[in-house]
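This briefing is for a reader new to the structure.

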Amino acid sequence: MVGRLIPHLPMRPLWRCRNCGAEWPCQPARLSLLIEYREDRIALMVYLAQQMTEAHHQLAQLNPDRRVDLTDRFLTWARARG
């Protein structure tokens, strides 16, 4: 029997990967996103900013006393280098 592939997508409202349990976007998700958006880095940054905003609101509801900066987790890694 062939195992079912589980994509590396966020499990809301925890924002952990459904596949590996790491904080999303996990390394496999980052690689997948870079490949998917390889021709349009601006669209990738817009998508990630939208996801970061949603994560910020949901995580703040789960932990109202804990402020977390999600910039590195969602955006810094995706910036164009060079």
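**Surface patch and core**

Met 11, Leu 14 and Leu 62 make a nonpolar surface patch of about 240 Å². The model is predicted: local features need pLDDT of at least 70, side-chain atom pairs count only at pLDDT 80 or more, and totals for chains, interfaces and linings use all residues. Residues are numbered from 1 along each chain as its sequence is written, and side-chain values use heavy atoms, with hydrogens and water left out.

**The patch**
- Leu 14 lies in the loop between β1 (10–11) and β2 (16–17); strands are DSSP runs of E with at least two residues, and helices are runs of H or I with at least four, numbered from the N terminus.
- Leu 14 is partly exposed, at 45% relative accessible area (buried is under 20%, exposed over 50%, partly exposed in between; 1.4 Å probe, protein chains only).
- Patch residues have over 30% relative accessible area and no salt bridge, and nonpolar side chains (Val, Leu, Ile, Met, Phe, Trp, Tyr) are joined within 5 Å.

**The core**
- The largest nonpolar core has 17 residues, and Trp 24, Leu 33, Leu 48 and Phe 74 have the most contacts inside it.
- At least two residues of this core come from each of α1 (27–36) and α2 (41–62), and α2 gives the most, with 5 residues.
- Such a core is a set of buried Ala, Val, Leu, Ile, Met, Phe, Trp, Tyr and Cys residues joined through side-chain atoms within 4.5 Å.
- Not counting residues up to four places away in sequence, Leu 33 touches Trp 24, Leu 44, Tyr 47, Leu 48 and Trp 77 (contact means heavy atoms within 4.5 Å).

**Ala 29**
- Ala 29 is found in helix α1 and is buried, with a relative accessible area of 3%.
- Leaving aside neighbours within four places in sequence, Ala 29 is in contact with His 8 and Trp 24.

Technical notes:
Patches are made of residues with over 30% relative accessible area and no salt bridge: like charges are joined within 9 Å, nonpolar side chains (Val, Leu, Ile, Met, Phe, Trp, Tyr) within 5 Å. Accessible areas come from the Shrake-Rupley method with a 1.4 Å probe; for residues, only the protein chains shown count as cover. A salt bridge is a side-chain nitrogen of Lys or Arg within 4 Å of a carboxyl oxygen of Asp or Glu.
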